[in-house]
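Here are some notes to read alongside the model. Keep the 3D view open and go through the points one at a time.

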Amino acid sequence: MSHFFAMLWRMKYITRWGLMNNTKSENISEHSLQVAMFAHLLVLLHNKETGENLNAERAAMLGLYHDTTEIITGDMPTPVKYYNPDIIASYKKVEKIAGEKLVSMLPEDLRGDYRDLILGENPDDKDLLVYVKAADKLSALVKCIEEIRMGNDEFRQAKESTEKSIHKMNVPEAERFMTEFLPSFSLTLDEQNT
């Protein structure tokens with residue numbers, strides 16, 4: 001008997017933005033879907049611009065599984081997680097242990113198929129993980145925009161710092177997303193339908 005997918009089903013119970021006053025809570029299941037969709041798009045944009053053939057579907061799968069370790073660790077708030085190099089290194093070790101635990105819940109013949117998705121250690125995925133990280137930031141930015149639209153100023157600083165971190169990544173496809181797709185997240189449903 002494998003508990004792997006029953007554990008993944010618990011992603012919906014892990015809330016994000018734990019230190020923030022949220023008008024609507026967001027769980028890692030919702031977030032991972034957004035990251036998968038955005039990572040897929042970013043790789044498609046990259047391929048169209050450069051003529052390369054990076055695997056957009058693989059990027060989407062990496063996005064779906066990028067936060068699964070948080071089922072075990074919980075969501076560590078960014079200010080804590082990145083407070084100093086010691087905490088960053090320690091948390092990476094904890095994430096690896098959590099990832100190994102999840103992988104161990106799979107039948108032996110499937111562990112290799114999921115290991116790289118969960119642990120992100122496959123060197124062949126290096127180029128794709130850049131887009132997954134950018135998609136992760138874009139998803140956070142969308143959350144900030146949604147909260148601000150609801151009148152929640154708690155997310156104003158997070159929005160500014162997230163925008164800066166996206167620009168620092170120097171991913172042209174993320175910049176294009178911010179120009180072409182991001183403005184619609186500030187509109188009402190009626191405005192989006194015009």
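**Notes on a predicted model**

1. Let's start with glutamine 34. Leaving aside residues up to four places away in sequence, glutamine 34 touches Glu26 and Ser139. You'll find glutamine 34 in helix H2, which covers residues 28-50. Buried or exposed? Glutamine 34 has a relative accessible area of 19%, and the cut-off for buried is under 20%, so glutamine 34 counts as buried. Bear in mind that what you're looking at is a predicted model.

2. Stay with H2, but move along to glutamate 49, which lies in that helix too. Here the relative accessible area is 64%. Exposed means over 50%, so glutamate 49 is exposed.

3. Next, look for histidine 66 in the loop between helix H3 (56-65) and helix H4 (70-73). Which side chain does the side chain of histidine 66 make a polar contact with? The partner is histidine 31, at 3.3 Å. If you skip residues up to four places away in sequence, histidine 66 touches His31, Ser32, Val35, Val132 and Asp136.

4. Now for a pair of helices, H8 (residues 126-149) and H9 (residues 156-169). They pack at an angle of about 155 degrees, and their axes are 9 Å apart. Angles over 145 degrees count as roughly antiparallel, so that is the label for H8 and H9. As for handedness, H8 and H9 make a left-handed crossing.

5. Who meets whom between these two? On the H8 side, the residues in contact include Val130, Lys133, Ala134, Leu141 and Ile148. On the H9 side, Arg156, Ala158, Thr162, Glu163, Ile166 and Met169 are among them. Sorted by type, the residues of the H8 and H9 contact come out as 11 nonpolar, 2 polar and 5 charged.

6. What is the crossing angle of H3 and H8? Their axes cross at roughly 55 degrees and come within 9 Å. That makes H3 oblique to H8. The crossing of H3 with H8 is right-handed.

7. The residues of that contact are quick to list. Arg58, Ala59, Leu62 and Gly63 in H3 meet Leu128, Leu129 and Val132 in H8. By type, this contact of H3 with H8 has 5 nonpolar residues, 1 polar and 1 charged. You've come across Val132 already, as one of the residues that histidine 66 touches.

8. Finally, some backbone angles to check. Most residues other than glycine have a negative phi. Tryptophan 17 has a positive value, with phi near 60 degrees. Tryptophan 17 sits in the loop between helix H1 (4-8) and H2. With a relative accessible area of 16%, tryptophan 17 is buried.

9. Asparagine 170 has a positive phi as well, near 55 degrees. Where is asparagine 170 found? Look in the loop between H9 and helix H10 (172-180). Its relative accessibility is 63%, so asparagine 170 counts as exposed.

Technical notes: Residues numbered from 1 in each chain as written. Predicted model: local features only at pLDDT ≥ 70, side-chain atom pairs only at ≥ 80, totals over all residues. Heavy atoms only, no water. Axes fitted to C-alpha atoms, helices over the stretch in contact; angles between N-to-C directions. Helix = DSSP H or I, 4+ residues; strand = E, 2+ residues; numbered from the N terminus. Parallel < 35°, antiparallel > 145°, perpendicular 65-115°, else oblique. Left-handed = near helix turned anticlockwise from the far one by under 90°. Contact = heavy atoms within 4.5 Å. Nonpolar A, V, L, I, M, F, W, Y, C, P; charged D, E, K, R; others polar. Buried < 20%, exposed > 50% of the residue type's maximum accessible area, 1.4 Å probe, protein only. Polar contact = N/O pair within 3.5 Å; in protein donor to acceptor, adjacent residues only side chain to side chain.
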